[in-house]
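Please open the model in your viewer and display it as a cartoon.

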Amino acid sequence: MELDFQELRDLLAVLNQTDIAELTLKSDEFELTVRKGIRAGDRPAGAESAGTESIEPPVILPAPAPALAAPPPTTPPSAAPPTVDVKSVEVISPMVGTFYRSPAPDEPPYVEVGDRIRTGQAVCIIEAMKLMNELESEVSGEILEILVENGQPVEYGQPLMRVRSE
């Protein structure tokens with residue numbers, strides 16, 4: 001059994017979309033065991049084997065808040081520095097694939113910068129192994145930025161969009 005790197009990545013992306021918790025592939029050349037939701041350091045003693053991979057579920061990570069500069073020395077002590085209230089989160093790719101902004105080439109994009117979205121609303125498609133996977137928002141808010149071009153390949157965990165959450 002021969003398995004190249006791209007086939008392995010595609011297999012892991014598809015496996016991540018299923019309820020399968022563990023998969024083992026064996027051949028004369030290698031043995032690969034994949035366990036979802038288990039980090040390498042979290043395995044019980046004695047459960048470690050060569051060639052073991054793990055897959056973590058996708059998460060939407062909060063974007064780092066912008067740093068606030070200290071007021072210049074000429075500012076009176078009673079003046080408070082301006083506050084920034086930007087609660088933004090990134091929509092993260094749950095798999096390796098190709099990013100598409102619309103359901104079909106001749107249809108409008110799911111979302112544009114400035115659009116208001118709600119939890120569960122489709123925001124894009126990630127194509128993996130000829131399967132079109134609609135990606136739904138996990139937050140409600142406003143699209144601040146679309147970070148990926150239509151038709152561009154994306155990686156697992158790559159930020160796709162930035163949303164100002166409500």
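In what order do the 4 strands of the open sheet lie? The order is E8-E7-E5-E10, with antiparallel pairing. The model is predicted: local features need pLDDT of at least 70 and side-chain atom pairs count only at pLDDT 80 or more, while totals for chains, interfaces and linings use all residues. Residues are numbered from 1 along each chain as its sequence is written, and side-chain values use heavy atoms, with hydrogens and water left out.

Helices (H or I, at least four residues) and strands (E, at least two) are DSSP runs, numbered from the N terminus. Two strands pair if DSSP finds at least two bridges between them.

Strand E8 (131-136) and strand E10 (153-154) are the edge strands, each pairing on one side only.

Next, select residues 97-100, which form strand E5. E5 and E10 run antiparallel and are joined by 2 bridges. Within this pairing, Thr98 has Pro153 of E10 as its bridge partner.

Now move to the loop between strand E7 (122-128) and E8, where Met129 is found. Phi of Met129 is positive, near 55°. Met129 is partly exposed, at a relative accessible area of 47%; the classes are buried under 20%, exposed over 50% and partly exposed in between (1.4 Å probe, protein chains only).

Finally, select Lys130, which also lies in the loop between E7 and E8. Its phi is positive as well, near 65°. Most residues other than glycine have a negative phi. Lys130 is exposed, with a relative accessible area of 76%.
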